[in-house]
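Please open the model in your viewer and keep the sequence panel beside it.

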Amino acid sequence: MTSVGASVLICGSNTFHFTRTHIFYYPTMMKKITDLLLLIFFLCGISQSAVNAADSTPPVRPNILFIMTDQQRWDCLGANGNKIIKTPNLDRLATQSANFTHAFVQSPVCVPSRISFFTGRYAHSHKNRVNYTPLAKSEVLMQARLKQAGYTTASIGKLHLFPPTVEEAKSSGFDVVELHDAVPYLDQFSDYVKWRNEHDPNKNRPYRAYVKNAKAGENPFRSIIEESYTDTAWVGQRTRHHLKQLADAGKPFFLYSSFWKPHSPYEIPAPYDQLYNDVEIPLPKLTTLEDIQRLPLPLQKLILRGKKPMHDMDREKLQWIYRSYYAAISQIDKEIGLILKTLEESGQADNTIIAFSSDHGDQLLKHGMMGKNAFFEESVRVPFIIGYPGHVRSGQYSELVETIDLLPTLFELAGLAEPKGNQGRSLAPLIADMGRDYVPREAVYSENIIPEVITRGLDYYFEKGKGIKGIRYPDAKMVRTQGWKYNYYPDGYAELYDLKKDPDEYNNLAGQAEYAEIERKMKEHLLHWMVTADAPDQIAPKWLISK
């Protein structure tokens with residue numbers, strides 16, 4: 001029998017061949033052939049539906065663990081060259097991750113900086129310029145975007161939203177919240193305080209108090225409560241508790257673990273109070289009143305605020321503050337080590353991106369100032385670590401980085417689209433194989449209200465038309481390149497520092513004729529930044545092309 005032609009039926013990935021002989025020379029087989037074809041179409045439909053369903057299955061995304069400290073300087077980490085401080089767990093994390101040595105916050109104060117981390121936007125854009133102010137309704141935080149992408153989201157410790165309630169935290173996108181903003185007048189909202197009232201037999205002792213009349217050679221900042229009941233220990237314990245639950249839930253998770261320390265006051269529990277007793281930590285050089293009066297007036301107002309300025313603090317007291325500050329970081333390091341151990345035991349370590357940073361630094365009396373709010377390196381430069389086993393290339397990176405870069409980096413590593421209003425620059429192409437080149441920043445930027453608005457205990461109010469304490473326009477801006485830093489104050493003050501020759505920023509070159517061209521270029525950097533930073537916000541969404 002001879003075939004007179006052939007037909008091919010392609011169904012999905014399957015190919016069926018039929019000759020005309022099969023069909024036309026065997027009429028009695030027509031019904032069977034028809035039934036067979038119907039069956040094939042039916043089975044192919046099921047097969048293709050299964051393929052389509054498989055194609056539409058959401059990708060398995062990595063977990064994200066974001067650990068933040070409060071007020072930790074970039075140089076207070078062993079991995080960043082500090083030979084005195086004891087941070088073995090963070091050092092190990094740094095060696096296994098991308099460790100950025102030149103990361104800068106977008107505002108050297110808690111709330112504006114944290115909102116920049118969580119929006120990927122500059123403070124002048126998200127408009128949270130001072131502490132204890134509500135978030136603009138138009139701003140969407142990282143946790144809300146991750147929740148929309150299928151993540152379970154959790155926050156433990158300091159969050160610093162306003163109002164400072166669990167309800168507000170959950171409305172921002174967190175599924176699970178245990179809150180502690182660590183300020184006594186906010187204790188009514190604190191889950192740590194509730195926990196301590198239930199567990200600490202000495203619950204009536206203030207958690208920020210330290211011993212009175214310490215003996216010579218003993219740390220005068222030793223806490224009067226036990227280590228296991230400190231808020232540092234609580235954040236670590238509750239982070240580990242939720243980490244175990246999230247790891248077992250079968251969904252990708254975003255866990256934000258936020259420690260209050262090493263923020264002042266400098267109380268530190270035993271045995272950490274003795275950790276650096278025999279160490280003489282190098283102190284900043286003494287700053288005189290004359291030194292301060294040579295600074296721009298907004299900085300003078302900031303440094304000399306309060307009933308008794310601290311620039312001439314007793315040096316022995318300052319040494320104990322440094323020892324306690326270092327010890328607080330070492331206590332946090334212990335808790336981070338336990339968190340990382342829990343992550344390893346959960347089996348999720350290889351599928352978890354870990355980020356570590358701080359919201360700003362601490363002057364620790366350099367330039368005569370305690371705390372932050374200024375643009376000196378001690379305030380704006382922070383530790384910044386990102387790790388993802390098998391994906392991120394470990395090593396030390398000296399590129400200029402802004403903390404708003406964290407959000408787009410995490411999203412790109414997780415396979416998520418960059419938000420429309422993001423102003424950060426993903427570091428993923430720099431530290432991982434993403435199939436495209438990384439374009440390094442020429443400069444980084446920061447901004448702050450200087451002097452800071454403080455109305456509790458100090459009458460540093462902002463009055464329209466008058467500003468703060470005679471500083472009519474207290475909105476200061478900073479631009480920093482690899483070699484120079486320029487700080488602009490609208491009332492006619494400025495700072496210019498040659499960071500190669502003057503890394504401690506003691507010699508202000510602003511206004512000197514021989515540096516006029518450099519000052520002009522730095523001003524151009526600032527102008528270009530202010531004009532271009534909000535470009536995505538100025539264009540209607542219909543005209544934007546998403547990446």
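This is a predicted model: local features need pLDDT of at least 70, side-chain atom pairs count only at pLDDT 80 or more; totals for chains, interfaces and linings use all residues.

Residues are numbered from 1 along each chain as its sequence is written, and side-chain values use heavy atoms, with hydrogens and water left out.

Select the protein chain, and color it by secondary structure: there are 17 helices and 15 strands, taken as DSSP runs (helices H or I, at least four residues; strands E, at least two) and numbered from the N terminus. Of its 547 residues, 55% count as buried, that is, under 20% relative accessible area with a 1.4 Å probe and protein chains only.

Next, select helix H9 (residues 231-248) and helix H12 (residues 315-346), whose axes, lines fitted to C-alpha atoms over the stretch in contact, lie 9 Å apart at an angle of about 10°. H9 is therefore roughly parallel to H12, a term for angles under 35 degrees. Show the side chains in contact (heavy atoms within 4.5 Å): among them are Arg240 and Leu243 of H9 and Glu335 and Leu338 of H12.

Finally, select His263, Ser264, Arg305, Lys372 and Ile454, which are the closest to the centre of the largest pocket among the 43 residues that line that pocket. Its volume is about 1,300 Å³, and helix H11 (297-303) and H12 are the elements that give two or more residues to the lining.

Key. Axes are lines fitted to C-alpha atoms, for helices over the stretch in contact, and angles run from 0 to 180 degrees between N-to-C directions. Angles under 35 degrees count as roughly parallel, over 145 as roughly antiparallel, 65 to 115 as roughly perpendicular and the rest as oblique. On a 1 Å grid over the protein atoms alone, a cavity is a set of points where a 1.4 Å probe fits but cannot get out, and a pocket is an open set with protein on both sides within 12 Å along at least five of seven lines; lining residues have an atom within 4 Å of a point. Grid points are joined across faces, edges and corners, and a volume is the space filled by probe spheres set on the points. Buried means under 20% relative accessible area, exposed over 50%, partly exposed in between (1.4 Å probe, protein chains only).
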